[in-house]
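Here is a friendly walk through the helices and domains of this structure. Please keep the view open beside you as you read.

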Number of protein chains: 2
Amino acid sequence: MSDQITEQPEAEEDEEFIPRRTVLRQIDAALEADDATQLEQLLEPMHAADIADIIERLDPADRRKFLQLYSIEMDGEILSEIDEAIRDEVIEALPKEVLAEAVREMDSDDVVDLIEDMDEGEREEILAALDESDRAAVEQSLTYPEYSAGRLMQSEVVTAPPHWTVGETIDFLRAEDWLPEQFYHIILVDPRRHPVGYVALGRLLASSRPIKLTDITEDSFRTISATADEGDVAYAFNQYHLISAPVVDNDERLVGVITIDDAMSVLDEEHEEDILRLAGVGEDSAITDTVMETLRQRLPWLAVNLATAVIASLVIAMFEDTISAIVALAVLMPIVASMGGNAGTQTLTVAVRALATKSLSGGNVMRVVRREAIVGLLNGLAFAIVMGIVAWIWFGGVSLAAVIAIAMVVNLAIAALAGILIPLALEKVGADPALASGTFVTTVTDVVGFFAFLGLAATVLT
Amino acid sequence: MSDQITEQPEAEEDEEFIPRRTVLRQIDAALEADDATQLEQLLEPMHAADIADIIERLDPADRRKFLQLYSIEMDGEILSEIDEAIRDEVIEALPKEVLAEAVREMDSDDVVDLIEDMDEGEREEILAALDESDRAAVEQSLTYPEYSAGRLMQSEVVTAPPHWTVGETIDFLRAEDWLPEQFYHIILVDPRRHPVGYVALGRLLASSRPIKLTDITEDSFRTISATADEGDVAYAFNQYHLISAPVVDNDERLVGVITIDDAMSVLDEEHEEDILRLAGVGEDSAITDTVMETLRQRLPWLAVNLATAVIASLVIAMFEDTISAIVALAVLMPIVASMGGNAGTQTLTVAVRALATKSLSGGNVMRVVRREAIVGLLNGLAFAIVMGIVAWIWFGGVSLAAVIAIAMVVNLAIAALAGILIPLALEKVGADPALASGTFVTTVTDVVGFFAFLGLAATVLT
């Protein structure tokens, strides 16, 4: 029962997925007592991914102790589950033999993931632990660019010639002892190793022995170039419901296979990066980061924000005389800016997501821009009325109410346009819209908002 | 070659995934000319998911025309790929026979997805098109709560008794003609239909006929309760690298199976919702929404924002006299608020993500809160120095510079604490941190920022 994913109204919602609180407490106690046997017993029933999570969650001092007590039990599976942010730390803490043994157990794609950020010397040490063919596979993967399909693929592939029958294929599979842990298709390759189709294992099992492989291939077959971007690979898996797909080199020769679980991890990471980028946080942020790492990621974005805030302040400074004459302007002006910033962020987020999911392009761009402009205008009119009434009641002046109402319409309309046009422009010039749009959009809404409000006030009220 | 996912430096980056611009233009021309034959020819080589995308991208008038010309070609696959936002529109445009035929082709989980939001009458009409057993499967799924594993599962499951051998299993599979399109495991069930393990198809194929199924089961086996939340299911697939998992009812009896492609879609949707919620946009937003739908999603959040902005303004209003005496305060005050808002959003986003990925809980909460507080303080000190110097140069007053410097430290420290504590508190009371944190955090940073800056100024400078 311990492996069931279920709903437990009485227990904590996440209990099924994260190790139970009592176990965490027992682990803390085992660390405290330097009790390696107890620690091993507690972790024995756990999935490698959960053990990795526990290691990530410990504070640095406890983590060192954990690795010391548990080092001989560390295997390739746990190692490949550990977050990049603390992987170096873990690797350094492991005895060389343990590390070598762990690496030998890993699939070639996991080894690539492990060593791609290492320097030459460290890399060599790990590669030396692999046998000849694994080492060659890893080295081939490393020749492809970072974040490419070539880095993501595993080189262990099950292939068959297209002229084989079901019976021949099954006999071949029974005779081989090197088959990968997980595979879902037999890839048909011609004599020059060009993939020409694939057969799902379910289909193979349901067909009688004399049937030819070419008669039971799947329509979903498509190959992936080893240089394709991993984000595009994840998109294709999700869009076309692929389970595995052959990877080919520039000469269309089969070099590996990507399976959906790796594509799912990439999709997860890309989303994570998008969210963090939209918030102006370094995309490599992890909950395990130290104070200095966190500071290094966030400070630059705050500095950019400071610069844009100063620009907005310069606009305000142009109207110092008007403000000192009518101090109500200083009270109301952040409302205009805040509404513009929020409306801009709404449009921006929808636009950035639509670009990321490739659902905003070509045909529908003009329609979406038009929609956003109309929505911005209508939002502006709605809040112009509300704020006009609020300002009128609060400060009693009809002209002031009119000024903030007009400023609201102008600012929300411009916010909507900035929210859609800025990400489109960034995408056009090849920049990541998630990364930089936010700053641009709020700068525009602040500057326009302050300028419209204070400029109008200066003209009308003084 | 048209099905290869590749990198094409010369062409548009996304060309491989979205139908080429020229094809889109030809489709427009075919619609213009009412040319159904031409339309069918253009769409013939395309994947159902891409056809669905094209339908989504058309403006409403063109979409009606498209559905009219293409209606007899619409099949279950295209229908299940179409975004919920326009699905009703598409279903209504289809002749009843076409719809019935399309539904008959669909897997039970796709039918559930299609009809779960329909009213009783529409549902009945679609269910009537299904044969007895499919209808029963769909109706059973619908008894489980929305967003549960029971709604996500398909009822077509391949099972075998644990005492069978590889040979018996293969003979059974060859004899059956109802097997699902895609399956990756044979689930072993006892006589009361309790799942007791599963065998990967690759393993089955590689084993000789006399081997017992119980000798080649997978360690990764875990069952999912039909009432489990779909988000938790997606998490489990990603965390434990599952490919398929049996779903059981309250009596632990097998009722269906969930496959990784469905889990991947859920993961994708949940991320999307998180991003949209963080930005204060209705989570059902789609690029196909009309102006009114868009307005309905965004206006309420802007109204909430207006209310919080007015609260911040009330704080400013408390210091009207100070501002009219020293108008530089009005110029600088948005900088303090903007920096606080940004720093708060950074912390908040990291916290919301960590909660969503279950990596912030129990053991590490105190450590993360401490880290955020220290980072906030250090950021505050850094920008206190910068802004102090800027204000000093700009306005020449040392006291004013000191006031903004101190306000900056206070505000960035509070922003960091609000950014981590508010989502934690919302999670604790069972609210979605992604949905409401943003508003709370910016209200706190605005109020604290204005109060610290103007309050200090009132005390020190006047």
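## Where two chains meet

Let's start between the chains of this predicted model. Helix α19(A) passes α16(B) in a right-handed crossing. The two are α19 (residues 365-395) of chain A and α16 (residues 291-317) of chain B, packed at an angle of about 35 degrees with their axes 10 Å apart.

From chain A, the residues of α19(A) in this contact include A:I374, A:L378, A:F383, A:V386 and A:W394. Sorted by class, the contact of α19(A) with α16(B) has 17 nonpolar, three polar and three charged residues.

## Domains of chain A

The domain assignment divides chain A into domain 1 (21-106), domain 2 (159-278) and domain 3 (291-461). Between the C-alpha centres of domain 1 and domain 3 of chain A there are 49 Å.

## A helix with two faces

Now turn to chain B and helix α4 (residues 60-70), where B:R63, B:F66, B:L67, B:L69 and B:Y70 are buried. Looking down the axis of α4(B), these buried residues fall within an arc of 165 degrees, so they line one face of the helix. As background, an α-helix has 3.6 residues a turn, so residues three or four places apart point the same way.

The face of α4(B) turned away from the buried side carries B:R64 and B:Q68, both exposed. And what covers the buried residues of α4(B)? The cover includes α1 (21-32), α2 (36-43), α3 (48-57), α5 (76-81) and α6 (84-93), which belong to chain B.

## A buried alanine

B:A102 sits in helix α7 (residues 96-105) of chain B. Its relative accessible area is 1%, and B:A102 counts as buried because that value is under 20%. Setting aside neighbours within four places in sequence, B:A102 has contacts with B:M74, B:D75, B:G76 and B:L79.

For a sense of distance, B:D219 is 117 residues from B:A102 in sequence, and their C-alpha atoms are 38 Å apart.

## A helix pair within chain B

Helices α14 (residues 230-240) and α15 (residues 260-278) of chain B pack at an angle of about 115 degrees, and their axes are 8 Å apart. Here α14(B) passes α15(B) in a left-handed crossing.

The contact joins B:E230, B:G231, B:A234, B:F237 and B:N238 of α14(B) to B:I260, B:A263, B:V266, B:L267 and B:E270 of α15(B). By class, six of these residues are nonpolar, two are polar and two are charged.

Note on methods:
Residues are numbered from 1 along each chain as its sequence is written. Chains are lettered from A and ligands numbered from 1 in the order in which they are written. This is a predicted model: local features need pLDDT of at least 70, side-chain atom pairs count only at pLDDT 80 or more; totals for chains, interfaces and linings use all residues. Side-chain values use heavy atoms; hydrogens and water are left out. Domain bounds come from an automatic or database domain assignment. Buried means under 20% relative accessible area, exposed over 50%, partly exposed in between (1.4 Å probe, protein chains only). Helices (H or I, at least four residues) and strands (E, at least two) are DSSP runs, numbered from the N terminus. The arc is that of the directions from the helix axis to the C-beta atoms. Contact means heavy atoms within 4.5 Å. Axes are lines fitted to C-alpha atoms, for helices over the stretch in contact, and angles run from 0 to 180 degrees between N-to-C directions. A crossing is left-handed if the near helix is turned anticlockwise from the far one by less than a right angle, and right-handed if clockwise. Ala, Val, Leu, Ile, Met, Phe, Trp, Tyr, Cys and Pro count as nonpolar, Asp, Glu, Lys and Arg as charged, and the others, Gly among them, as polar.
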